[in-house]
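Okay, everyone, thanks for coming. I'd like to walk you through one structure today, so let's get it up on the screen.

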Amino acid sequence: MDLSYTLEQDAFRAEIRSWLAANKPANPLVTLECREGYDQHVAWERQLASGNWGMVTWPEAYGGRGLDLIQWLIFEEEYWGSGAPLRANQNGIFLLGPTIMEYGTEEQKARFLTPMAAGEVIWAQAWSEPGAGSDMAAIKTTAYRDGDHYVINGQKTWSSRASFADWGFGLFRTEEGSQRHKGLSFVLFDLDTPGITRRPIRQLHGHPGFAELFFDDVRVPVENRLAGEGEGWKVAMATAGFERGLMLRSPGRFQATARRLVELFRKHEADAAPSAREAVAKAWMDTQAYAYNTYAVAAKIMAGGSIGAEASLNKIFWSELDRAMNRTAMQLLGAAAELRRFDDGSMNDWLEGYIFSLSGPIYAGSNEIQRNITAERLLGMPRVGAG
Amino acid sequence: MDMLIAPERLELAEAVRDYLSGTHGPEVLRRLDAGPNRDPAIWQGLVEMGLTGLLVPEEHEGLGMGLLDAALIARECGRAALAEPLVDSAFVAVPWLLAQDQTDDLAAIAAGEQRVLPAHTINGWQADGDGEALDSVDPLRNLSALPADASDDPHLLDLGALMSAAQLVGLAEAMLDQAVEYSKIREQFGQPVGGFQALKHKLADVAVALEFARPVAWRAAQAMDDGAASAPVHVSHAKIAATDAAFLAAESAIQVHGAMGYTYEVDLHFWMKRAWALGGAWGSRAFHLKRVDDAVIGGALAIGPEHTFA
Ligand SMILES: Cc1cc2nc3c(=O)[nH]c(=O)nc-3n(C[C@H](O)[C@H](O)[C@H](O)COP(=O)(O)OP(=O)(O)OC[C@H]3O[C@@H](n4cnc5c(N)ncnc54)[C@H](O)[C@@H]3O)c2cc1C
């Protein structure tokens, strides 16, 4: 264990810090969940890429910088610390990208990773279906083979940013008559392929942040399949590991929220409940604990290890701490909590943050499912009746 | 920057775990509870492993290891609910003596011939001291009245709090293990009770609390070893996180055991009572929360994503 950064790591931190200071949008962008805000966020992705900051851990050949996970964490710390925008590209760079790196052919890597890092192609995840939420193995949408194409029929739902995004990565039933986890394949598709209908869904805050996707004889080339036919479940579980375990929610984002919460508390200190004071101290403690753990996971992966079911512990922790922090802020704001904009015209980011934090315990595998996984796979408790 | 504990550093702690699980199981706790609660043979075994000299520098016949190594072993002492005052003497008092350049007794401490039992005003008692006896709920603790010359040195308090946190991690881990094991064998409604989701989720929450207490404890130990100015805040964080995890583990474990858990016969109570004891020792929750609060809300510590290791 060594709690100091190397000179090289410090220099890297200084480099990203000064780039962000010079390039970060001067004013907050409109929310990513609507058309206008989405376009602003994509423009920002392209600007990041122009500085080669799209995804620093990827090889230079794919538009990255070939850096290690500690440097990635430093990047993320500076990124969120500077107040830079949310990443429109997150499903691509944090979920699909690492999966392609692990399962893709060389041809697929060249074809998909470079435009991904460049922010030219924005990806949506298309796994959930009306009948397959927590029980993802109940997927019904089919992609049956017809020569060198798959023909997709069925429906996906809750696909984040699919109202506006370019491509999707989906899990489809490619083997006729197959059941549950078997016979599924992981297929990438252009969201503008004929036969796909997107129907935006309004989220709690009113914006069309996710969408339903209807597939009607949609033809997708077989070379868009990642890994072998029928291996979709295994590939999806690797993606889910990245989602829950390391990449999707780097600690910097929550540490930035904790710092804003401390600042908010200082303003409201005189009339704050004693419980709020403890909640604020806990916000710092929990976000720090999450950061230490993430650094340890990163070091473990760098030493050749991998993330297993303990990713579930992470997911429970970050999603519930985010909700707790935003709830505390809402309580501190009192009567101003419901205002979308404060008197001074600034956005009430806490309200947006609280609403968004309510989805954390639901998406990426609900926290009930994560607790099941923890109990059964990490603790070894019996898998009999749910009771 | 490296938050991973090197595998070779874990080896000694694993050896201690194996040794204690082989020689210091629940039957030993029961025996100590029934008779004299200290046993020279157990102490001698710890001495022979070199543990009394773990933090004693090599020139004084010790192993010259660091506080992180000690914390990892303190966790094993917690896991075994060890009653002998190894942690207090070798991991709390020794580094405190070293910090004050009091080296005269170190060789005798390393050899196991002498013990130094720390007395700090924050506790209001001394463990394994010679004063008038006090009655603890933990049958294996030997508490006595605080001596008049007790210290109020914050550095001693930090060492005591850090090592309590490490023991609490081990105590919580042991209680979680006991609860999981019991849930597999106790059957009701025709199935092991561990198959019921209400119990799964309860114990999953303990696993989460532990996962995010452990790195805090190790980071605090390293910060103390490095002599970081911010170390006391990290020690307080560790004490709070480990205490909360241990109380949650205790309450969840007794619930999983049903009435069995409420008996003196089931061994869980030894761990639970030690957790209650150490949870309040070396600074209450309020004391440690205030230190975090002063640093974080008071502004003494740089916070935010760029300051993870401040
Ligand atoms: C903001 C947001 C963004 C999303 N983005 C995407 C996306 O981009 N792509 C995508 O594919 N999906 C996405 N999802 C969908 C998400 O993955 C699902 O919502 C999630 O898997 C839960 O499925 P469900 O909503 O059908 O809930 P259900 O499965 O119907 O669950 C309802 C309740 O029952 C509980 N439950 C279900 N099964 C069990 C069990 N075995 N034990 C205990 N409790 C159980 C759940 O925990 C939950 O509390 C998104 C969801 C949200 C909220």
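Let's start with A:Arg371, which is buried at a relative accessible area of 10%. By buried I mean under 20% relative accessible area, with exposed being over 50% and partly exposed in between, using a 1.4 Å probe and protein chains only.

Before I go on, the housekeeping. This is a predicted model, so local features need pLDDT of at least 70 and side-chain atom pairs count only at pLDDT 80 or more, while totals for chains, interfaces and linings use all residues. Residues are numbered from 1 along each chain as its sequence is written, chains are lettered from A and ligands numbered from 1 in the order in which they are written, and side-chain values use heavy atoms, with hydrogens and water left out.

So, which residue forms a salt bridge with A:Arg371? That's B:Asp205, with the closest N and O atoms 2.7 Å apart. This pair joins two chains, because B:Asp205 sits in helix α8 (residues 197-211) of chain B and A:Arg371 in helix α11 (residues 367-378) of chain A. B:Asp205 counts as partly exposed, at 29% relative accessibility. My rule for a salt bridge is a side-chain nitrogen of Lys or Arg within 4 Å of a carboxyl oxygen of Asp or Glu. Helices are DSSP runs (H or I, at least four residues), as are strands (E, at least two), numbered from the N terminus.

How many salt bridges does that rule give over all chains? The count comes to 42. A:Glu310 pairs with A:Lys300, closest N and O atoms 2.9 Å apart. That one links distant parts of the chain, 10 residues apart: A:Glu310 is in the loop between α8 (274-302) and α9 (311-333), and A:Lys300 is in helix α8. A:Glu310 is buried at 19%, whereas A:Lys300 is partly exposed at 33%.

The other is A:Glu352 with A:Arg340, at 3.8 Å between the closest N and O atoms. Here A:Glu352 is in helix α10 (residues 349-357) of chain A, and A:Arg340 is 12 residues away in the loop between α9 and α10. A:Arg340 is partly exposed, at 46%.

Over in chain B there's a whole network of salt bridges, linking B:Arg17, B:Arg75, B:Glu76, B:Arg79, B:Glu173, B:Glu211 and B:Arg214.

Staying with chain B, have a look at helix α10 (residues 231-257). Its 27 residues reach 38 Å from first C-alpha to last, close to the 39 Å expected at 1.5 Å a residue; that expected span is 1.5 Å times one less than the number of residues. This α10(B) is mostly covered, with 20 of its 27 residues buried.

Most residues other than glycine have a negative phi. But A:Ala227 has a positive phi of about 65°, in the loop between β8 (225-226) and α6 (232-245) of chain A. A:Ala364 does it too, at about 60°, in the loop between α10 and α11 of chain A. Both are buried, A:Ala227 at 17% and A:Ala364 at 11%.

That's my tour, so over to you for questions.
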